[in-house]
Amino acid sequence: MPDRRTARSFRWTTALAAVAALAAPAVVVAGPAQAAAPAAAAPAAAAPAAVEAAAQQAANVWPVLRAGQKGANVSALQHLLNFRGQTLTVDGDFGPTTTAKVKAFQQSQALTDDGVVGADTWSALVTTVQSGSSGSAVRAAQTLLAARGQAVSVDGIFGADTAAKVRAFQQGAGQAVTGVVDTTTWLALLQETALDRVTLARQIRDSAAITLATAHVGGVHAASTARQNIVDTANGLGAATSPWSDVPNQRVFLSTAMLNGLLRLTTTYGYTVSVSELVGGDHSANSRHYVGVALDINVINGSHVGSGAPHAAAMAACRALGATEVLGPGDAGHSTHIHCAWPRP
Ligand SMILES: [Zn+2]
């Protein structure tokens, strides 16, 4: 088991050291790459308690992937397996072939070969990539960036655009903005994509920093309020549109990028916000609200937008968190709220 508690601290430390020491066969690593993986040295030299604490922390954040799972994390895993010499098709589906390749990789690293990808296996898979790098490890990073709302081509070439998207992600995640995907950034990328829609919605539902509207400006429909959209999502359902909208009486799954962006406005940037609409309400005919990637905020830090709220700073935070359509006071129809929308699904 990759996340077994016994002996993890030793294995975590050695795995990190292995990451730092490994040659990168398919990646051209330029300049300060090794300096960007400093975590190896610190735990190795630290007291056992600190090592164990670091291991516990790591165990809390690396996602566990196993057969049957699908999505961007699985695609990234498959790219990283290819980087490590295990040839397989990248389809985002953790099937029998992926299990076999994971086991083969684990055997090659003297890890428990159970086909389950946890902290030890991830630590052995990831490698630092940065400007000038190329190959499957870069594809893995680009896949995760795109899944985090940082739209980038998955072409295996770490150019200026990829570096910019890495910086944007790091800023949004509250990390040091280096443009280098080191172990810390891999961990953040994988952790965030592992957060599923339901988990994010529950965190939003329960957040003291987020108020969710229980009524609309333009009509009465309790099933499509911002609060009910989140409650439904937290229960695994789609969010309802309003009967008077352009897409009446539908259910739409809220995007994880948008949900994560909303949470991060409060956790990373420290805002308290009131959300006036998600997929409910009436918007322009082809609005991103109707596909579950947009949110409207009408109160920030206790002040109404347009009446003293720090809307410009909050809008900048939305952009840093991956929103690509951000509107507010000064834009038509947005004198009293800000609108942050992530890329369409
Ligand atoms: Zn809007």
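1. Let me start with Arg251, which sits in strand 3 (residues 251-252). Bear in mind throughout that this is a predicted model. Arg251 comes out as partly exposed, because 15 other C-beta atoms lie within 10 Å. Its C-alpha is 4.8 Å from that of Gly238, a residue 13 places away in sequence. Setting aside neighbours within four places in sequence, the contacts of Arg251 are Leu237, Gly238, Ala239 and Ala240.

2. Asn249 belongs to the loop that links strand 2 (239-240) to strand 3. Its phi is positive, about 55 degrees, although Asn249 is not a glycine. That is worth a glance because most residues other than glycine have a negative phi. Is Asn249 buried or exposed? With 12 other C-beta atoms within 10 Å, Asn249 is exposed.

3. You'll find Asn301 in the loop between strand 5 (294-300) and strand 6 (303-304). Asn301 counts as partly exposed, since 14 C-beta neighbours fall inside 10 Å.

4. On to the whole chain. How many helices and strands does the protein have? The secondary structure comes to 13 helices and 8 strands. Of the 345 residues in the protein, 49% are buried. Taking contacts between residues at least 6 apart in sequence, 62% join residues at least 24 apart.

5. Helix 4 has 12 residues and spans 16 Å from first C-alpha to last, close to the 16 Å expected at 1.5 Å a residue. Helix 4 is mostly covered, with 12 of its 12 residues buried. Among those buried residues are Asn73, Gln78 and His79, along with Val74, Leu77 and Leu81. After the helix comes Gly85, with a positive phi near 90 degrees.

6. What does helix 4 pack against? One partner is helix 7 (residues 136-147): the two axes come within 7 Å and cross at roughly 170 degrees. Helix 4 is therefore roughly antiparallel to helix 7, as the angle is over 145 degrees. On the helix 4 side the contact uses Ala72, Ser75, Ala76, His79, Leu80, Asn82 and Phe83, and these meet Ser136, Ala137, Arg139, Ala140, Thr143, Leu144 and Ala147 of helix 7. By type, the residues of this contact split into 8 nonpolar, 5 polar and 1 charged.

7. Helix 10 passes helix 12 in a left-handed crossing. Helix 10 brings Arg197, Leu200, Ala201, Gln203 and Ile204 to the contact, where they meet Thr256, Leu259, Asn260, Leu262 and Leu263 of helix 12. The residues of this contact divide into 6 nonpolar, 3 polar and 1 charged.

8. Helix 10 also meets helix 11 (residues 226-234). Here the axes come within 7 Å and cross at roughly 135 degrees. That angle makes helix 10 oblique to helix 11. The crossing of helix 10 past helix 11 is left-handed. From helix 10, Arg197, Val198, Ala201, Arg202, Ile204 and Arg205 make the contact, and from helix 11, Ile230, Val231, Thr233 and Ala234. The tally for this contact is 6 nonpolar, 1 polar and 3 charged.

9. Helix 13 (residues 311-320) can be kept brief. Which of its residues are buried? The buried residues are His311, Ala314, Met315, Ala317, Cys318 and Ala320. Helix 13 is followed by Gly322, which has a positive phi near 105 degrees.

10. Last, Pro96, which lies in helix 5 (residues 96-108). Pro96 is exposed, because it has 9 other C-beta atoms within 10 Å. Between Pro96 and Gly115 the C-alpha to C-alpha distance is 9.5 Å, and the two are 19 residues apart in sequence.

How values were computed: Residues are numbered from 1 along each chain as its sequence is written. This is a predicted model: local features need pLDDT of at least 70, side-chain atom pairs count only at pLDDT 80 or more; totals for chains, interfaces and linings use all residues. Helices (H or I, at least four residues) and strands (E, at least two) are DSSP runs, numbered from the N terminus. A residue is buried if 20 or more other C-beta atoms lie within 10 Å of its own, exposed if 12 or fewer, and partly exposed in between; C-beta atoms are placed from the backbone. A crossing is left-handed if the near helix is turned anticlockwise from the far one by less than a right angle, and right-handed if clockwise. Two residues are in contact if their C-beta atoms, placed from the backbone, lie within 7 Å. Ala, Val, Leu, Ile, Met, Phe, Trp, Tyr, Cys and Pro count as nonpolar, Asp, Glu, Lys and Arg as charged, and the others, Gly among them, as polar. The expected span of a helix is 1.5 Å times one less than its number of residues. Axes are lines fitted to C-alpha atoms, for helices over the stretch in contact, and angles run from 0 to 180 degrees between N-to-C directions. Angles under 35 degrees count as roughly parallel, over 145 as roughly antiparallel, 65 to 115 as roughly perpendicular and the rest as oblique.
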